[in-house]
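Hello,

Here is the structure we talked about, with the sequence alongside. My notes on the ligand and on the helix packing follow below.

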Amino acid sequence: MTNHYQILIVGGGNAGLATAAQLLRKNSNLKIGIIDPASKHYYQPAWTLVGAGIFDIAKTERNQADFIPKNTTWIKEAVTEFKPNENALITNAGKQYSYDYLIVCPGIQLDWAKVKGLKENLGTNNVSCNYDFKSAPYTWEMIKNFKGGTAVFTNPTTPIKCGGAPHKIMYLAVDYWRKQGILDKCNVHYLSGASVIFGVKEYAATLTEVVKKGNIKVHFGVNVNEIDGANKTVYYLEKNAEGVEERKEMKFDICHAVPPQSAPDFIKASPLADAASPFGYVEVNKNTLQHTRFANVFSLGDSTNAPCSKTGAAIRKQVPVVVANLLAVMVSQTATAQYDGYSACPIPTAYGKLMLAEFDYTNTPKMTFPINQAKPNWAMWLLKTKVLPWLYWNKILSGKA
Ligand SMILES: Cc1cc2nc3c(=O)[nH]c(=O)nc-3n(C[C@H](O)[C@H](O)[C@H](O)COP(=O)(O)OP(=O)(O)OC[C@H]3O[C@@H](n4cnc5c(N)ncnc54)[C@H](O)[C@@H]3O)c2cc1C
């Protein structure tokens with residue numbers, strides 16, 4: 001295997017495979033290497049549906065080998081270090097690879113240890129998290145078996161992938177309990193590190209109604225930092241009226257908890273990271289997605305410091321921008337294609353009803369369909385549960401959508 005590639009892609013997830021495939025559609029002669037140690041590829045957006053009991057977890061996992069684009073070289077190793085001044089990187093196999101152009105997209109890191117006890121309790125003691133392939137099915141066990149009591153849903157203080165996922169599952173759970181006729185016995189709490197239910201006011205208005213109808217008690221600006229599964233207690237920091245942080249606790253019968261997230265540690269420690277960001281993401285121009293200091297480096301997906309909402313929907317709009325700009329830079333032109341911060345968050349508000357929130361960097365709605373998407377409806381539910389999973393495996397990863 002050669003140690004030099006015209007284009008090296010770090011991370012063969014949603015962003016990496018879609019970018020490789022679209023590059024090859026533009027120029028089949030490109031010599032592309034994809035570095036990723038994982039044997040499996042996951043369709044993570046369906047994990048919310050798994051947690052709600054309406055999607056088979058097995059259908060969210062496929063063999064990576066079946067999706068690596070033909071005419072690329074898959075290097076099944078993990079990158080440990082970047083040397084952008086030498087156009088090189090090092091992997092866990094102790095090998096050095098060099099490149100003419102680099103695309104960085106290894107996703108986001110789940111910082112489980114920042115919530116003491118969370119990882120240890122996952123899938124047991126009525127503690128679960130849809131961000132984890134193994135425990136998403138347990139979320140459904142908890143929801144289905146709940147007969148009343150206190151249900152706690154947490155959302156961390158950091159940016160995360162799919163900012164809606166911590167509360168999407170809560171709306172579905174509440175709807176399920178309503179349909180079981182037990183909602184009046186359910187004491188539902190949302191412990192959120194955010195200051196609002198959703199960043200775009202048109203969509204927030206819909207969710208505020210859903211919260212009210214479900215009698216959900218919302219706690220904003222709190223920092224959940226410990227879960228004691230054996231004693232069914234969640235601990236969190238909350239500012240009192242004087243602005244002083246106090247440690248509080250809440251007993252639960254079931255708890256769905258989401259960990260804080262940040263750039264993978266090998267990105268944080270690298271010269272590619274944005275030194276000004278506490279989360280260590282790759283520093284890019286938020287419109288061109290070109291690195292601000294290394295002109296032959298691009299980054300997209302969950303690992304960039306572009307201040308968009310981190311979703312697969314955002315990646316669909318980022319990929320053509322990276323492809324156009326990289327091809328331009330390769331022939332000594334400037335990167336002119338622009339990403340406007342588009343992202344989408346499909347939020348189910350009940351079984352069979354979904355609000356498709358679409359927006360950009362300005363946090364204004366950017367609706368695709370000729371309907372008021374802030375009003376949850378059945379068609380968007382079908383889009384999320386049937387159309388998008390099919391599109392992902394059959395079109396998006398192969399660069400056709
Ligand atoms: C519960 C949940 C619900 C979601 N819901 C939605 C939704 O409804 N809509 C939506 O659009 N998005 C949703 N998302 C977000 C979406 O899944 C992510 O934004 C998307 O997968 C990010 O793609 P990525 O390529 O940046 O990272 P990933 O797809 O996570 O891929 C990263 C890849 O990098 C590889 N990698 C990691 N470290 C290294 C290394 N050191 N060297 C080389 N390779 C490495 C990994 O093995 C992996 O293959 C959801 C996510 C979750 C968890």
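**Ligand contacts**

A backbone N or O atom of Asn14 sits 3.2 Å from an oxygen atom of the ligand. Please keep in mind that this is a predicted model. For Val79, a backbone N or O atom lies 3.0 Å from a nitrogen atom of the ligand. For Pro106, a polar backbone atom is 3.4 Å from an oxygen atom of the ligand.

There are 33 residues around the ligand, and those that come nearest are Ala15, Asp36, Gly312, Ala313 and Lys384.

**Helices α1 and α8**

Asn14 also belongs to the contact between α1 and α8, as do Ala15 of α1 and Gly312 of α8. Helix α1 covers residues 14-26 and helix α8 covers residues 312-330. Their axes are 9 Å apart and meet at an angle of about 40°, so the two helices are oblique to each other. The crossing of α1 past α8 is right-handed.

On the α1 side the contact consists of Asn14, Ala15, Ala18, Thr19, Gln22, Leu23 and Lys26. On the α8 side it consists of Gly312, Ile315, Val319, Pro320, Val322, Val323, Leu326 and Leu327. Sorted by class, the α1 and α8 contact has ten nonpolar residues, four polar ones and one charged one.

**Helices α4, α5 and α6**

Helix α5 (residues 165-179) packs with α4 and also with α6.

Helix α4 spans residues 136-145, and its axis is 10 Å from that of α5, at an angle of about 30°. This crossing is right-handed. Thr139, Trp140, Ile143 and Lys144 of α4 touch Ile169, Ala173, Tyr176 and Trp177 of α5. The classes here are six nonpolar, one polar and one charged.

Helix α6 spans residues 201-213; between α5 and α6 the angle is about 40° and the axes are 11 Å apart. That angle makes α5 oblique to α6. The crossing of α5 and α6 is left-handed. From α5, the contact uses His167, Tyr171 and Arg178, and from α6 it uses Leu207, Val210, Val211 and Lys213. By class, this contact of α5 with α6 has four nonpolar, one polar and two charged residues.

Regards

Conventions
Residues numbered from 1 in each chain as written. Predicted model: local features only at pLDDT ≥ 70, side-chain atom pairs only at ≥ 80, totals over all residues. Heavy atoms only, no water. Axes fitted to C-alpha atoms, helices over the stretch in contact; angles between N-to-C directions. Helix = DSSP H or I, 4+ residues; strand = E, 2+ residues; numbered from the N terminus. Parallel < 35°, antiparallel > 145°, perpendicular 65-115°, else oblique. Left-handed = near helix turned anticlockwise from the far one by under 90°. Contact = heavy atoms within 4.5 Å. Nonpolar A, V, L, I, M, F, W, Y, C, P; charged D, E, K, R; others polar. Near = heavy atom within 4 Å. Polar contact = N/O pair within 3.5 Å; in protein donor to acceptor, adjacent residues only side chain to side chain.
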